[in-house]
Amino acid sequence: MFERPHRQHFYGLPLNPPRLRRMVDEATCAALLREAEEVLQGRWRFFAFADAPSDPTPDGMTDWHRCEVTGRRTDPDAPGAALDPRDPELGDVRTIWEKSRHHHTTLLAVAYTLSGEPRYAVGAAARIADWIRANPPRRGVNWISAAEAGLRLMAWAWCYELLRPHPEWGAWFGPASPLWPSVYRHQVLVQEAVRSGRPAGSDLLAALGGQYVASVTWPVFSESAGWQREAKAALTREATLQFFESGVSREPSFSRHVWATELLLLPALLGERCADAFHPAYLARLARAIRAVDRLRGPGDLLPRYGDSDERLTVQLEPRSASRVDWLLRVGRDWLGVPVPEPRGGRLGATLLLGDHRVPLPCPGEDAGGQVAYPDAGLYVLSAGQGAPREVRVLSTVGPLAFPPPAGQGAGHADALSFTLAVGPQEVVVDPGVYAGPADAGWPRAFHSTAAHNTVEVDGQDQSPQAGASPWGRGGAVAHLWEPREEGGRLVASHDGYERLPGAPVHHRELDLDARRLSVTDHLEGQGRHLLRLHLHLHPDCEVQPEAPSVWRVAWPGGALRVRFDPRLQVRCGQGEDAPDTGDPPLGWYFPRYGARQASPSLRATLTATLPITLHTTLEVL
């Protein structure tokens with residue numbers, strides 16, 4: 001039976017239950033074991049089921065081909081190459097794939113390591129065996145994507161290692177088990193896809209990361225050494241191609257940035273453990289990517305929202321209720337010396353990855369607030385009252401609308417010059433997010449649109465033509481002035497995406513934060529008469545009341561602000577509206593997570609005017 005050479009280690013393992021529990025707080029242990037019990041019942045805690053888990057299933061097992069949201073079931077015998085994951089007839093494939101990523105199975109393996117309870121190990125092994133039986137190679141929707149194969153390989157590698165202490169481990173996972181042939185076929189699928197250039201963006205990182213981790217975990221096939229070398233070389237190349245020099249992902253999405261950063265970290269850390277260290281330049285860019293996570297997040301673990309956000313995980317080592325980024329920040333701090341403050345949580349994931357013998361590096365870090373500028377990525381944060389309970393924090397997106405070709409995935413939205421505003425940990429002016437995938441016709445497209453963001457829309461058009469579900473034909477923005485101050489600052493930027501329209505409009509925007517007052521100046525250059533609409537989308541916690549035709553009060557538990565629009569604008573508030581016959585995006589929705597939506601107030605200010613024109617809006621926190 002295969003055993004890894006003594007010089008090679010799988011992250012921070014081995015860890016027995018007493019050693020691991022000493023490193024983890026009781027609340028995290030309890031939450032993880034509660035979620036593990038739900039998994040054994042066949043219940044889910046992802047997407048729309050985050051607040052209330054899905055119904056249990058017979059024997060707690062999984063239908064690997066059924067979409068839990070639409071109730072549709074895909075054909076498990078259909079050739080994978082013939083299936084299009086964007087086909088709404090398949091249901092929401094993203095929901096099907098989430099189950100087949102085996103995050104819940106990894107969670108059971110972690111629960112076994114924490115508790116020593118054999119039933120968690122049995123449950124994890126049974127789910128891997130059941131998936132292999134129910135998903136013959138190259139058949140069904142779960143064999144479409146190399147990225148999905150890569151994520152599954154990483155999950156199986158963790159289960160393979162975490163369950164080693166169980167006496168049945170050899171029967172479950174040894175050379176004579178069904179696992180090894182499936183691992184091999186997964187790696188062949190990844191190799192073929194990567195060499196053909198099919199995966200792009202962070203999906204390519206997922207495929208490569210899985211290939212690398214699997215090659216280290218199962219170095220038993222004739223191709224294993226070559227796969228490991230190729231995956232490492234490609235990851236090294238993609239770290240430069242997919243991340244700006246600043247460390248921010250080129251995919252304009254904070255959610256994708258976090259995911260892509262994890263996909264860089266996990267292979268590199270495993271490489272160090274098995275004497276296959278990655279290049280220092282790779283690790284330096286990874287360190288900058290981790291630091292960007294901390295600099296962009298706000299008080300109370302408030303994570304910024306821009307671009308697509310579908311809750312992608314690389315591997316689940318903590319309960320779903322835990323902080324999304326604490327383990328990542330903790331590993332970055334303790335392994336790479338990234339200067340971030342010590343996170344409140346993340347100890348379980350960090351211990352599994354680093355072991356319990358590591359002494360955290362002395363690392364003073366810096367506060368998450370303050371003025372932040374990533375010019376290469378087009379991200380700017382203005383802050384006032386840093387560290388105070390009611391810190392005002394404004395984030396603006398001034399960059400490309402999509403990942404540059406040839407690796408574009410369209411994770412960006414038509415949100416050039418948009419902004420969000422938070423007061424302390426409370427979101428106030430928000431990016432509504434994205435509801436779901438192609439199974440919900442019209443919704444993803446609508447909420448990539450300009451009207452779904454806090455910027456100016458011209459003639460009912462997006463800033464750039466949509467070329468499919470979300471990629472953009474052209475567009476983006478450029479910053480002309482960045483002037484940070486101790487209590488705020490000033491950002492001036494423009495975009496020319498509307499030059500294609502009659503009169504060639506160009507939008508210039510100035511954001512000026514002075515303590516608790518944000519002044520927004522929009523100047524539209526060009527010629528002719530145009531319909532202009534300015535949107536402010538608000539968090540569901542907010543209540544909106546008009547004080548005058550152009551003055552609105554926005555209140556939430558513990559705070560309020562006053563919005564003053566240019567008096568020439570006609571302002572209305574919508575909340576939870578259906579999609580109108582005009583084809584406009586439905587007004588008044590917020591998507592706290594993938595597959596879930598809440599009615600929320602949105603202000604739409606409208607004016608038909610001759611260009612050029614300048615409009616002034618102020619938001620004053622009371």
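Select H65 and show its surroundings: apart from residues up to four places away in sequence, H65 touches R72, R73, T74, P76, I96, A134, N135 and N142, where contact means heavy atoms within 4.5 Å. This is a predicted model, in which local features need pLDDT of at least 70 and side-chain atom pairs count only at pLDDT 80 or more, while totals for chains, interfaces and linings use all residues. Residues are numbered from 1 along each chain as its sequence is written, and side-chain values use heavy atoms, with hydrogens and water left out.

Stay on H65. The residue sits in the loop between α2 and α3 (93-100); helices (H or I, at least four residues) and strands (E, at least two) are DSSP runs, numbered from the N terminus. Is H65 buried or exposed? H65 counts as buried because its relative accessibility is 2%; buried means under 20% relative accessible area, exposed over 50%, and partly exposed in between (1.4 Å probe, protein chains only). A polar atom of the H65 side chain lies 3.0 Å from the backbone oxygen of A134, and the side chains of H65 and N135 make a polar contact of 3.4 Å. A polar contact is a pair of N or O atoms within 3.5 Å; within protein, one must be able to donate a hydrogen and the other to accept it, and residues adjacent in sequence count only if both atoms are side-chain atoms.

**Helix α2**

Select residues 26-40. Helix α2 has 15 residues and spans 21 Å from its first C-alpha to its last, close to the 21 Å expected at 1.5 Å a residue; the expected span is 1.5 Å times one less than the number of residues. At the start of α2, a side-chain oxygen of D25 comes within 3.3 Å of the backbone nitrogen of A27. Beyond the helix comes G42, with a positive phi near 80 degrees. Colour the buried residues of α2: T28, C29, A31, L32, L33, E35, A36, E38 and V39. Their cover includes α1 (17-23), α4 (103-115), α5 (118-134) and α14 (347-354).

**The five-stranded sheet**

Move to β1 (372-374). An open sheet is built from five antiparallel strands in the order β1-β2-β3-β4-β5; two strands pair if DSSP finds at least two bridges between them. β1 and β5 (426-429) are at the edges with a single partner strand each, so one side of each has no neighbour in the sheet. Neighbouring strands are turned by 20 degrees against each other on average, direction ignored. β1 and β2 (residues 379-384) are joined by three bridges, and V372 has V381 of β2 as its bridge partner. Then show residues 280-296: helix α12 lies across β1, β2 and β3 (392-397), at about 140 degrees to β1. Axes are lines fitted to C-alpha atoms, for helices over the stretch in contact, and angles run from 0 to 180 degrees between N-to-C directions.

**Backbone stops**

Select A275, in the loop between α11 (254-273) and α12. A275 has a positive phi of about 60 degrees, although it is not a glycine, and counts as exposed at 59% relative accessibility. For a cis peptide bond, go to L611 and P612, where omega is about 5 degrees; P612 is in the loop between β18 and β19 (613-621).

**Last selection**

Finish with R604 in strand β18 (residues 601-610). R604 is buried, at a relative accessible area of 8%, and its side chain makes a polar contact of 2.7 Å with that of H535.
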